[in-house]
Amino acid sequence: MALIGCGRAVQTPAPLRTEEQSEASGPIAAIVRPARLEPSRIALGESLFSDARLSSNGKVSCSTCHDLSRGGVDGSARSVGVAGESLPLNTPTVFNSALNFRQFWDGRALTLEAQIDGPLLSRLEMGSTWSVALTTLRADTHLAKRFAASYGDGITEANVRDALASFERSLATVDAPFDRYLAGDQGALAPSALHGYELFISYGCSACHQGRGVGGNMFQKLGVMADYFADRGQETAADLGRFNITHDEADRHVFKVPSLRNVARTAPYLHDGSVATLDGAIRIMARYQLGRPRPRPGPSRPGSALSVRGQLRSARQG
Ligand code: HEC
Ligand code: HEC
């Protein structure tokens, strides 16, 4: 089909790929639209996600810590749940969490469905039990009717897990400029973002931050080139990372590599929430993961140095 009269060649957009098709050739790939999600189940999950009745005191919902209007986080270094105490780890975003090969910093949950036990049962987060949560939800006749219409057997533990996980799967940030760039639209990224992406690849950031999520598909140690924890001091149990699960020395200080999608919106950074700015996180990565000083942005290339901001923004979060 000919496109006439706009004075500029318009590239035919690449066809939307589905999850079944193979990865792009580079280390980083575009996010694809999640397939086979039932709208009524997504809607139920969305309701549950902000339903504080899932917590023991009726005051804390998933969205208390994972505020979708703030990039899926609450902006604090350590969120506070029903116990009124700070959690041991920084809250990661729920956007694109379906892309993670495991859930949690230490990867202890294999699926989004299994992950829900973490917050629901944790004394610090929601402090509830499945039987209390289900009894409370079943007393809501409107909700019970919606569940019955969507799932034959109504409000059950499996259906609550499925609804929440369906909603989380729907939180894929598709069609960002970065995705359009990856799909072949060379003009989709601003020059400074494109330069940042080239540096990201050439510095080797993508050795660990890769795949559709630009992270979330492997475990790596924090402190490959230098001892982050000795320098920061005051090591905590949570700093042991995956070691807490496997008790294997090789897993000491090993974490799931976080996704960098929409990372500009999810400060503060790192599992300990200790780094306030993206620049600070990049400096730590350069030093402790790559063993090199972070390059200074020169005045001729404003904002260029390792800027992962522009290209990692999402379309969905606006
Ligand atoms: C009190 C704050 C708080 C509440 C409430 C909370 N979360 Fe979280 N969430 C966290 C923290 C902190 C982590 C990381 C914990 C860890 O890695 O051990 C996390 C991790 C996650 C992850 C894994 C993300 C990743 O990248 O590994 C998902 C998914 C998630 N939460 C979903 C939920 C859902 C669904 C609910 C409600 C049922 C919920 N959260 C309630 C704080 C909270
Ligand atoms: C050897 C693997 C590795 C390399 C190389 C690496 N990272 Fe990371 N990155 C990680 C791990 C692991 C974490 C999580 C560390 C933690 O919080 O315990 C992380 C965390 C981050 C974070 C914080 C994300 C958040 O949500 O808290 C940013 C930003 C980041 N990396 C950017 C980069 C950049 C930019 C580069 C290249 C200069 C880079 N990384 C190179 C493994 C790596």
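Colleague: How many residues surround ligand 1, and which are the closest?

Modeller: This is a predicted model. In it, 27 residues surround ligand 1. Cys62, Cys65, Gly81, Phe104 and Pro119 are the closest.

Colleague: Which helices each supply at least two residues of that shell?

Modeller: H2 (62–65), H3 (112–115), H4 (117–121) and H7 (157–170). The largest share comes from H2, with three residues.

Colleague: And by class, what does the shell around ligand 1 have?

Modeller: 16 nonpolar, nine polar and two charged residues.

Colleague: Now ligand 2. Which residues come nearest?

Modeller: Cys205, Cys208, Tyr269, Leu270 and Met285, out of 28 around ligand 2.

Colleague: Which helix gives the most to that shell?

Modeller: H12, residues 278–289. Six residues of the shell come from H12.

Colleague: How many charged residues has the shell around ligand 2?

Modeller: There are no charged residues in it. The shell has 22 nonpolar and six polar residues.

Colleague: Changing topic. At what angle do H1 and H6 pack?

Modeller: About 150 degrees, with the axes 10 Å apart. H1 covers residues 39–49 and H6 covers 141–150.

Colleague: Roughly parallel or antiparallel, then?

Modeller: Roughly antiparallel, because the angle is over 145 degrees.

Colleague: Is the crossing left-handed or right-handed?

Modeller: Left-handed, as H1 passes H6.

Colleague: Which residues make the contact?

Modeller: From H1, Ser40, Arg41 and Leu44. From H6, Arg146, Phe147, Ala149 and Ser150.

Colleague: How do they divide by class?

Modeller: The contact of H1 with H6 has three nonpolar, two polar and two charged residues.

Key. Residues are numbered from 1 along each chain as its sequence is written. Chains are lettered from A and ligands numbered from 1 in the order in which they are written. This is a predicted model: local features need pLDDT of at least 70, side-chain atom pairs count only at pLDDT 80 or more; totals for chains, interfaces and linings use all residues. Axes are lines fitted to C-alpha atoms, for helices over the stretch in contact, and angles run from 0 to 180 degrees between N-to-C directions. Helices (H or I, at least four residues) and strands (E, at least two) are DSSP runs, numbered from the N terminus. Angles under 35 degrees count as roughly parallel, over 145 as roughly antiparallel, 65 to 115 as roughly perpendicular and the rest as oblique. A crossing is left-handed if the near helix is turned anticlockwise from the far one by less than a right angle, and right-handed if clockwise. Two residues are in contact if their C-beta atoms, placed from the backbone, lie within 7 Å. Ala, Val, Leu, Ile, Met, Phe, Trp, Tyr, Cys and Pro count as nonpolar, Asp, Glu, Lys and Arg as charged, and the others, Gly among them, as polar. A residue is near a molecule or strand if its C-beta atom, placed from the backbone, lies within 6 Å of it.
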